Amino acid sequence: MVERKRVEKRKHIRRASVILALCLAWSLIVPIGNWASAEGAGLANMWAVTALKEEPEGVFEATPKEEVIYGNLKHDGSLSKIYVVNILEGDAAESGKLLIDYGDYTRVKNLTSEAEIAIDGDLIQIETDEEILYYEGTLETAELPWRIEIRYFLDGTACTARELAGVSGEVRIALSIKENPKCSGSYFDDYALQASLSLDTNFCRNIRAEGATQANVGSQKQLTYTILPGREAEYAITTEASEFEMSQIAINGVKLAMDVELDESQLTEQVEQLVSGVSDLDEGAGTVKSGTASLSQATGRLLTGVESLRENVSASAYRTAAKGQGLDVGQLRSQNASAAGSLEQQISTLKAQIAQLEQAGAPKEQTEALRQQVATLEPLVELLGANNANIDGVDAYLDATNGSIGASQSGVRSLDQGIGEIDRGVGALKDGTTKMKDETSAAGDRIGAAIAETISRITGDDGQPESFVSSKNTEVRSLQFVLRTDAIESPEDEQ
């Protein structure tokens with residue numbers, strides 16, 4: 001048991017050493033594309049490939065491994081070269097073991113030993129005593145999970161990266177990372193990206209990079225962007241440059257698996273509170289709707305009553321009602337006026353006769369009898385006039401009252417219309433809250449699933465990665481992407 005632990009420990013130490021060596025190599029400014037020149041100077045034997053000694057039958061079980069996808073990007077973000085470093089895990093207790101891998105490579109290279117690599121189609125076999133074996137395979141072409149576009153501007157005018165090298169002015173770099181629909185697999189949804197670049201503050205001033213994490217490393221201003229799985233992003237970096245240069249843009253992709261505990265119940269409880277609140281809102285809207293409906297009915301009845309009152313309270317309505325009871329008020333007023341006129345004429349005649357008798361010296365008894373007739377007739381004239389005045393007064397009062405009722409009727413009608421509009425508005429509100437209630441009552445599960453998916457996207461998962469090279473590689477322990485552009489160097493530096 002102790003010996004096995006030592007073997008495992010040596011295995012991890014050796015793996016860490018090789019990975020560290022690869023990372024250090026990538027940190028150099030030397031473009032990856034120049035690595036291909038390593039074929040010469042005694043290294044040609046590292047590309048040795050032999051045919052299988054025996055014709056394979058069926059599909060062999062792939063050896064557990066890790067994959068690192070290296071991509072050389074052009075300055076505009078398009079892919080110029082792609083190759084894979086495969087890390088195959090052998091059994092330390094077995095000697096002369098056969099490692100099996102799959103991949104459609106144009107060329108392969110053993111990075112660990114001089115053991116030959118046998119290829120037949122996409123089947124790769126390596127017989128070795130190594131516990132861990134690294135070999136590199138170059139892909140003729142491949143579609144990355146991300147469509148990367150990099151554009152450059154000098155003083156607001158689009159230009160190429162080479163045209164920026166060594167010039168001065170306002171430099172803007174636009175970085176766009178979107179899903180590549182031509183790439184199969186779930187890499188876009190499962191892998192997080194970290195894009196970084198450095199600018200020398202001796203030559204780049206007033207650096208503006210919204211959304212970037214900025215760090216100072218000596219004179220270098222390091223800008224780092226993190227893109228979560230399943231997300232697209234666009235960034236812009238602007239600087240006032242003097243003799244502009246820039247190191248390579250590095251974009252690394254790893255399967256996100258963060259050990260972060262998030263309490264989904266707090267979020268789902270808030271969703272449940274929202275659903276309950278919408279239900280209460282719908283119930284309250286129903287109560288208000290019932291109240292406004294009752295109020296609208298009441299104002300309608302009030303308006304009907306006021307209209308009926310106005311129709312029945314007027315001089316014409318009064319005279320019509322009186323006539324129905326056998327009293328023609330208009331005719332009575334005319335008769336009163338006619339009788340009063342006749343009596344006034346009689347009184348005038350009597351007064352003339354009295355005057356003539358007094359001039360003729362008639363006996364007092366004779367004129368006194370006429371005076372008594374005048375005294376009897378004059379109260380009758382006043383009585384008839386007062387009766388007509390009462391009739392006119394009643395007409396005027398009823399007509400004035402009718403006008404006041406008309407003003408009240410206009411106010412009640414406006415009130416009824418206003419209450420009707422409120423009732424219709426509350427009805428629309430009730431329809432809306434009912435629809436919202438119906439939609440949100442079943443939304444709890446959907447929102448909960450969306451919350452779980454979002455949390456999963458943020459924290460990732462520890463599921464087994466999918467091979468980028470071949471679906472036949474079913475024992476992939478880890479997969480990562482390492483993408484680099486060339487640096488932008490002034491012509492003097494290139495010479």
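**Cores, a strand, a helix and a loop**

Modeller: Gladly. The largest nonpolar core has 57 residues, and those touching the most other members are Tyr135, Leu199, Phe244, Phe468 and Phe481. Strand E12 (residues 191–200) supplies the largest share of this core, five residues. A second, separate core of 11 residues includes Ala340, Leu343, Leu357 and Leu384. Keep in mind that this is a predicted model.

Biologist: What is Phe244 in contact with, beyond its neighbours within four places in sequence?

Modeller: Its contacts there are Leu164, Ala165, Gly166, Val167, Val171, Ile173, Leu199, Cys204, Thr239 and Ile488.

Biologist: Why is Ser490 called buried?

Modeller: Buried means under 20% relative accessible area. Ser490 has 11% relative accessibility, so Ser490 counts as buried. Its place is in the loop between strand E18 (476–485) and helix H9 (491–494). Leaving aside neighbours within four places in sequence, Ser490 is in contact with Ala165, Gly166 and Glu245.

Biologist: What makes the pairing of the Ser490 and Glu245 side chains a polar contact?

Modeller: The cut-off for a pair of N or O atoms is 3.5 Å. The side chains of Ser490 and Glu245 make their polar contact at 2.8 Å, so the distance is within that limit.

Biologist: How do you know that Cys159 and Cys183 are buried?

Modeller: Cys159 has a relative accessible area of 18%, so Cys159 is buried. Cys183, at 14%, is therefore buried too. As for disulfides, the structure holds zero.

Biologist: Why is strand E8 (residues 132–139) described as largely enclosed by the rest of the structure?

Modeller: Because eight of its eight residues are buried. Ile132, Tyr134, Glu136 and Thr138 point one way from E8, while Leu133, Tyr135, Gly137 and Leu139 point the other way.

Biologist: What makes E8 a paired strand, and which strands are its partners?

Modeller: Pairing needs at least two bridges. Strand E3 (residues 79–89) pairs with E8 in the antiparallel sense over eight bridges, with Asn86 bridged to Tyr135 of E8. Strand E5 (residues 107–110) also runs antiparallel to E8, joined by four bridges, and there Lys109 has Glu136 as its bridge partner.

Biologist: How do you know that the span of helix H6 (residues 329–360) is close to the expected value?

Modeller: H6 has 32 residues and reaches 46 Å from its first C-alpha to its last, against the 46 Å expected at 1.5 Å a residue. Its buried residues include Ala340, Leu343, Ile347 and Leu350. Just after H6, Gly361 takes a positive phi of about 80°.

Methods. Residues numbered from 1 in each chain as written. Predicted model: local features only at pLDDT ≥ 70, side-chain atom pairs only at ≥ 80, totals over all residues. Heavy atoms only, no water. Helix = DSSP H or I, 4+ residues; strand = E, 2+ residues; numbered from the N terminus. Buried < 20%, exposed > 50% of the residue type's maximum accessible area, 1.4 Å probe, protein only. Polar contact = N/O pair within 3.5 Å; in protein donor to acceptor, adjacent residues only side chain to side chain. Contact = heavy atoms within 4.5 Å. Core = buried A, V, L, I, M, F, W, Y, C linked by side-chain atoms within 4.5 Å. Disulfide = S-S within 2.5 Å. Expected span 1.5 Å × (residues − 1).
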